[in-house]
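The sequence and structure are shown first.

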Amino acid sequence: QVQLVESGGGLVQAGGSLRLSCAASGIRFSLYAMGWYRQALGKQRELVASIVGGGSTDYKDSVRGRFAISRDNTKNTVYLQMDSLKPEDTAVYYCNAYTRSNYDTMFDWGQGTQVTVSS
């Protein structure tokens, strides 16, 4: 049974930082491309950062240069370091694996972790 457990969210002032973690179980973690997604109130979930098994990364333009995704395959964990946070980054953040061919997510969503950035 696959489980994705996100943590590390919270309330932070604009310009602040947070580090999110996502622990995966039930999969051979190192084989999967992983992404961080977010869903703001009333909006669709979107992919903000991705990392493949070998470590190559990509970012949504609005977070490039402020967010950094990384992974520790020995701990089955993917991280999202978020710096220079803005109020528009407020959302529930989730992780998931995705298929590299079409970016379809592969597993049921976890509970997510709330990030709230105050102005």
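A residue is called buried when its relative accessible area is under 20%, exposed when that area is over 50%, and partly exposed in between. The model is predicted. Phe-107, with a relative accessible area of 16%, is therefore buried.

**Aromatic pairs**

The structure contains 4 aromatic pairs. In one of them, the ring centres of Tyr-32 and Phe-107 are 5.5 Å apart and the planes meet at 65°, so the arrangement is edge-to-face. This pair connects distant parts of the chain, 75 residues apart: Tyr-32 belongs to the loop between β3 (18-25) and β4 (33-39), and Phe-107 to the loop between β9 (91-98) and β10 (113-118).

Tyr-94 and Trp-109 also make an edge-to-face pair, with 5.7 Å from centre to centre and 70° between the planes. Tyr-94 is buried, its relative accessible area being 12%, whereas Trp-109 is partly exposed at 30%. Together with Tyr-37, Tyr-94 and Trp-109 form a cluster linked by ring pairs.

**Charges over rings**

Two arginines are placed over aromatic faces. Arg-19 lies over the face of Tyr-79, 4.0 Å from the ring centre. Arg-71 lies over the face of Phe-29, at 4.5 Å from the ring centre.

**Salt bridges**

The count of salt bridges is 6.

| Salt bridge | N to O distance |
|---|---|
| Arg-38 and Glu-46 | 2.8 Å |
| Asp-58 and Arg-64 | 3.6 Å |
| Asp-61 and Arg-64 | 3.2 Å |

Arg-64 takes part in a salt bridge with Asp-58 and in another with Asp-61. Arg-64 is partly exposed, with a relative accessible area of 44%. Asp-58 is likewise partly exposed, at 39%, while Asp-61 is exposed because its value of 64% is over 50%.

Elsewhere, salt bridges with shared partners join Arg-38, Glu-46, Lys-60, Arg-66 and Asp-89 into one network.

Conventions: Residues numbered from 1 in each chain as written. Predicted model: local features only at pLDDT ≥ 70, side-chain atom pairs only at ≥ 80, totals over all residues. Heavy atoms only, no water. Salt bridge = Lys/Arg side-chain N within 4 Å of Asp/Glu carboxyl O. Buried < 20%, exposed > 50% of the residue type's maximum accessible area, 1.4 Å probe, protein only. Phe/Tyr/Trp six-rings, centres within 6.5 Å; stacked < 30°, edge-to-face > 60°. Helix = DSSP H or I, 4+ residues; strand = E, 2+ residues; numbered from the N terminus. Lys NZ or Arg CZ within 6 Å of the ring centre and 35° of its normal.
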